[in-house]
Amino acid sequence: MTVQASELSSILSGCFDFIKRDIVMNDAVITLFYIETICDSTYISQYIIEPLSQASGGVTSREEVGKAIYAAKFGEVRDADEALEHLLAGDPVLIFEQLQYAVYFDARKLESRPVEKSQFEASLVGSNESFNELLVNNVSLIRKRMATQTLKIESHNLGKQSKTQAVLLYIEGTAPEDLVATVRQKLEAMDNEFVLGAQYVAEALSPGKTLFDTIGYTEKPDAIVAKLFEGRISVIVNGTPFALTAPCFFFENLQSPDDYATNRLFVTLLRCVRFGSVLVSLLLPGFYVALTTHHFSLIPSAFVFKLAVSRSGVPFPTVVEVVLMFLFFELSREAGRRLPHQIGQALSIVGALILGDAAVGAGLASQATVVVTGIYAITSFINPRLTSAISVWAVFSIIMSACFGLHGFYLGFILLVAHLGSLRSCDYPYLFPLGTEKSFRAANLDVLVRGPLSKVSKPFLYRGRK
Amino acid sequence: MIKALRRIVLVTLMLAVLPVLLASCLGYRDLDHIAFVTSILIDQDEEENLVFYFETLNSIRNSSKEANQEERIVYKIATQNPGDAINRLETHTSAPVTLAHNKVILFTERFAAGGLDQAFDIFDRWQESSTRTLLGVYVGETEDFIKPNHEEEVMTGLYLYDMLGNKASVTSYGVKLNIKEFMNQKIIGDHVNSMSIMNVSKDKDTKGQYFLDGLALIKEYRMVGRLSSEKSIYFNFLLDNEVSGNINTQNPEDRTKTVSLLLQNNRYKSRLDYKDGILKMEIILKLNTDVSLIQGKLKLNEENIAKLEASMAAKIRADCLALFQRWKDKGTDIFDIQEKFDRKYPKPAGRNIIGSTELDLKVTVDINGTTTLRDVE
C-alpha cells in the first residue's frame, strides 16, 4: 500500500474541518478521512460507517470492499497525492491497512445558490434559468436541454494551487476540430497559481489589448446550448455563474435572449435600434463637439443660435464641459453599480438631478450638453455588453473632435473600425461575417436580421480563421 | 520593439498631418464666443461711401440661468472699401464675427441702381459666407431696419429669410433668390435676375412692418427696373415660377364685384420655333383653380363657371402679353428667352433675341371646385 494514513494526517493536521476516524473491525483498523465542510457527514455515517461496522466477517479482500460500502461511486486511490486531491475535492478516503488498499467515494456536499432567475440577461418570455457557482449544477442545466450523444465535456483542473475544476464543452463533429484543439491546448498551457473565475480563462484564450469582449459570456444555459449547436465551444469554471463561449463576434453584442422567443420581424427592428444606439452612443458626443466647436456653419441657424444662448455663462470650453458631464455620469454609474440595489435607486435620482437641472443651474453645463449626455447614457445602457468599450471610445472621439473637428471625428471613427477589424476571437475575425462573407446568410441569417428559427438553429461554417 | 516604434511614429505623423493641412483654417471656437451676423443691409450715402448695416446675434452672460438670452445689435460701418467692412466690424464686437449664418443680404434701391458689384464680391468670395444666403432689395428707411416693428421675432435676419424664402412660394409676389442662383443667372442668357423687394409699412398703425412689394430686375449687377406686386404674378406665369394664391376677376352677375380664384396647380409648356430671324415662342398655360371668395352674389352654375373661366383666362392672357410687350419695347429680356433660345439653338446665337420674339400665349383656366360649396344646403 502506498497511501499511509500517517502521511495524510501530517499534511492535513491543523485544519479544523479535517476529520480522521478509525473503524475497528475484527482487530482490523479501517481509517476514514474526510473534510467535514465539503462532505455529507450523515451520508458517510449511514452508507459507509454503518455497513462497515455491521459486516460480520469483516472485509477480508479488495473485492469485498465494494459490497461493504453503499456508495454509488467509488474508486481506488493509488498514492498520497491522489488521495489528497480527492479529499480536497470533497471525496472521503478509506484506508484498509490490512488489505493495503485505499478507496475514495463520492459524498460531496457543496453549498450553492439555487437556480435563480437571470439578473444580467433577464428574458420576458423565454427561459429565465441561470447558472450558479456550482459547476455540476451548471452542467446539469445544459445536459437537461440537450440529449446529444456527441456532446463532449472535458474536465480540466486549472491553477497550480487552486486546482479549480473547469469543463470544456463542445459537440463533436459540429465544432471545428482546430478550434477545440486550440482551446484545449490553451487551457492546458495555463500556468496561473490559482483560477477563481471565468475571466482567468477568458484572458488566457484571448489576450488581446482591447476593450471589446472577444470571448463571449452568458449566464443562461439555453444560450450556451444554442451556441454549442451552432458549432462553438464553451468553457465553464467552477465558482463562476457565467459560461464562456468562443468564438464571439461583434454582432452578438446586439442580440438578446428574447430575440429567439418573440416575433422575428420585430426582433429585426429591435436589432437595428440596438445597432443605431451603439453608433449614437459612440459617435454623438464627438459629433456634437466637432459641430459646435469647429463646424457650426453646418448646424441649422435657428438651432445654432439657441445653442449659443444656452452656452452663455458656462465658464468652460465646450469640450471640457462635455468631458465633465461624462465624468459625472460615469461616477454616477459606477456608484450605482457598487451600491446595494435599494440605495442605488436613490443615487440614480440624485445623479439625474445633478446631471440634469443642477449642472445647468450652476452654470457648469449648457442644456444641449445635458441632452447629449442624456442620449449617450440611454443608448449606452441599451447594449450593456459594450458599455466599457463605448465609454472609452466615446471620450476618444470627443478629444479627436475637439482637436481636429470633423476630420478628427472621422479619423477616430476610422481608427475604431480598423481596431474592430483587427480583432480576432480564437483566431476568427471579430467582425464576422462583415468583411469575411459576401452575405449575412453565412451566419444563418442571424446578424442584424433574425431569420426563421429553422435556419438559425442549424450549425454554420465559420470561415476566415487564420 | 521596432514594429511598435514604427506604429507610434505612423500614428503621430497621421495626427500631425490633420492640424497642419486640414484644420488650420477652422480653429476651435466656442459658440458663445462668436458674434453671428444674421442679416446685412447695404446702402450708399451721398458721399459715395458704402454703408453696411450688420445685424448680429450675441449671447449674453447672466448669473441666473433663466436670464440667458440672445441680444440683437446692429452695427453700422461706412467705408469706401468693402473689404474693410468686416475687419472694422470686428473692432466693434466683443467676439469674432462669422458670416456662416448670415441669412439675408438686402440692398437699398440706391445701392442696387449703382451696381451690386461695388460690394458683392465679399459675399461671393468670403470664406465663411454661405451661398444659401437670400438676396433682396430694400426700399424702406434704414432706421426701420435698425428698429423693426417685429416684437415677437428678435432676429430680423431669420424673419426676412422666412419671408423671402418660404412665403415667396405661396404668395406669388416674390421669388426666392440666393447667392448661388444669382451668380449663375448673372452669366446665363439674358443676364437678368429678379429679386424680391422688401418694403416697410409707413402706415400709422403698422409702421415698421415688412412686406413684399414686387420684384426688382437686376441685369448683371445693376437694377434696371421694377415690377409691382400685381405684375409679379404675370411675370411668374411667363417664367413658369411657382405661382399660387388668389387671383381676381369680375363677378359675371355683378360687374362691380369680384370673384377670387385660388390657384391650385399650374401646367406650363413652352415651345420655341426660330425661322427667318423670327423667334416664335408658344406658351401653353393651364391653371387649375378653386373658387375661394365671391364678392356679392353669384349662382355657381355651369354657365357662370364657364364665364368665370373665360374671363379669367382672357385677363391673364392680356396682362401677360402687355407685360411682355412692355419689356420687349424696352429691349430688356427679363423672361429668360435668351437662355431658352441659346439652349435650343446654340449655333445662331444672337444677342437680344427678345427684339425679334413673338409670343403666342394660350391660357386655359379650369375651375375644379369651390370651397364655399361645403356649406351650401
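Here is a short chat about a surface patch and the interface between chain A and chain B in a predicted model.

Modeller: Residues are numbered from 1 along each chain as written, and chains are lettered from A in the order in which they are written. Local features need pLDDT of at least 70, side-chain atom pairs count only at pLDDT 80 or more, totals for chains, interfaces and linings use all residues, and side-chain values leave out hydrogens and water.

Biologist: Why is V273(A) called partly exposed?

Modeller: Buried means under 20% relative accessible area and exposed over 50%, with a 1.4 Å probe and protein chains only. V273(A) comes out at 45%, so it falls in between.

Biologist: What makes a nonpolar patch of F266(A), L269(A), L270(A) and V273(A)?

Modeller: Patch residues have over 30% relative accessible area and no salt bridge, and nonpolar side chains (Val, Leu, Ile, Met, Phe, Trp, Tyr) are joined within 5 Å. These four together have about 350 Å² of accessible area.

Biologist: How do you know that D32(B) and R311(A) meet in a salt bridge?

Modeller: The rule wants a side-chain nitrogen of Lys or Arg within 4 Å of a carboxyl oxygen of Asp or Glu. Here N to O is 3.1 Å, so the pair qualifies. The count between chain A and chain B is one.

Biologist: What is the area buried between chain A and chain B?

Modeller: About 2,700 Å², with 69% from carbon and sulfur atoms; that is accessible area (1.4 Å probe) lost on putting the two parts together, summed over both. In chain A, F296(A), F305(A) and V309(A) lose the most to chain B, together 24% of what that side buries.

Terms used
Patch = residues over 30% accessible without salt bridge, like charges linked within 9 Å, V, L, I, M, F, W, Y side chains within 5 Å. Areas by Shrake-Rupley, 256 points an atom, 1.4 Å probe, with all protein chains shown as cover.
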